[in-house]
Amino acid sequence: MDNLVFGYYLLNQVEEQLKVAEKDDSKKTEENIHSLALKISTYSSKSGSDRGTKESQVLLNRYYSRLGQFGVNVAAENFNNIKSNIGEYQEDIKNIKSVQKQALEYYKINEDSLKQKK
């Protein structure tokens, strides 16, 4: 569950940084996005625990795969390409969040409590 919660916070942080990037060309924003993307990309190597049910493994593997691939894609881009593709990245985040929501519900993690602990 720690990976799920940490992924939740990372995804929200990159989403916030993409919003900042729409208005800000600073090096700090670029570095923040790149750093977050690298952290997110590590999820592509994670897999659901084999101690859980088949359903939980499939759900976590889907979440980790989408999250990790998103991180890899963003990390591979230069800042100008990221800025010009923000809408696509926001759509990717929306899709990842739908799987994330399913995983949070499956593990009975209260998303409202996660939002409060930002």
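Mentor: Contact means heavy atoms within 4.5 Å. Please keep in mind that this is a predicted model.

Trainee: Which residues does Gln100 touch, not counting residues up to four places away in sequence?

Mentor: Gln100 touches Gly7, Tyr8, Leu11 and Tyr63. Gln100 itself is found in helix α5, residues 86–106.

Trainee: Is Gln100 buried or exposed?

Mentor: A residue counts as buried under 20% relative accessible area. Gln100 has a relative accessible area of 1%, so it is buried.

Trainee: Which other residues of α5 are buried?

Mentor: Besides Gln100, the buried residues of α5 are Ile86, Tyr89, Ile93, Ile96, Val99, Ala103 and Leu104. Seen down the axis of α5, the buried residues fall within an arc of 145 degrees, so they line one face of the helix.

Trainee: What does the face of α5 turned away from its buried side carry?

Mentor: That face carries the exposed residues Glu88 and Lys94.

Trainee: Which elements do the buried residues of α5 pack against?

Mentor: They pack against α1 (2–21), α3 (54–76), α4 (79–84) and α6.

Trainee: How many residues has α5, and what is its reach from first C-alpha to last?

Mentor: Helix α5 has 21 residues and reaches 30 Å, close to the 30 Å expected at 1.5 Å a residue. Just after α5, Lys108 takes a positive phi of about 55 degrees.

Trainee: What pLDDT does the protein chain average, and which element has the lowest mean?

Mentor: The protein chain averages a pLDDT of 91, and 98% of the residues score at least 70. Among the elements, helix α6 (residues 111–116) has the lowest mean pLDDT, 84, whereas helix α2 (residues 27–41) has the highest, 96.

Methods. Residues numbered from 1 in each chain as written. Predicted model: local features only at pLDDT ≥ 70, side-chain atom pairs only at ≥ 80, totals over all residues. Heavy atoms only, no water. pLDDT = per-residue confidence, 0-100. Helix = DSSP H or I, 4+ residues; strand = E, 2+ residues; numbered from the N terminus. Buried < 20%, exposed > 50% of the residue type's maximum accessible area, 1.4 Å probe, protein only. Expected span 1.5 Å × (residues − 1). Arc of directions from axis to C-beta.
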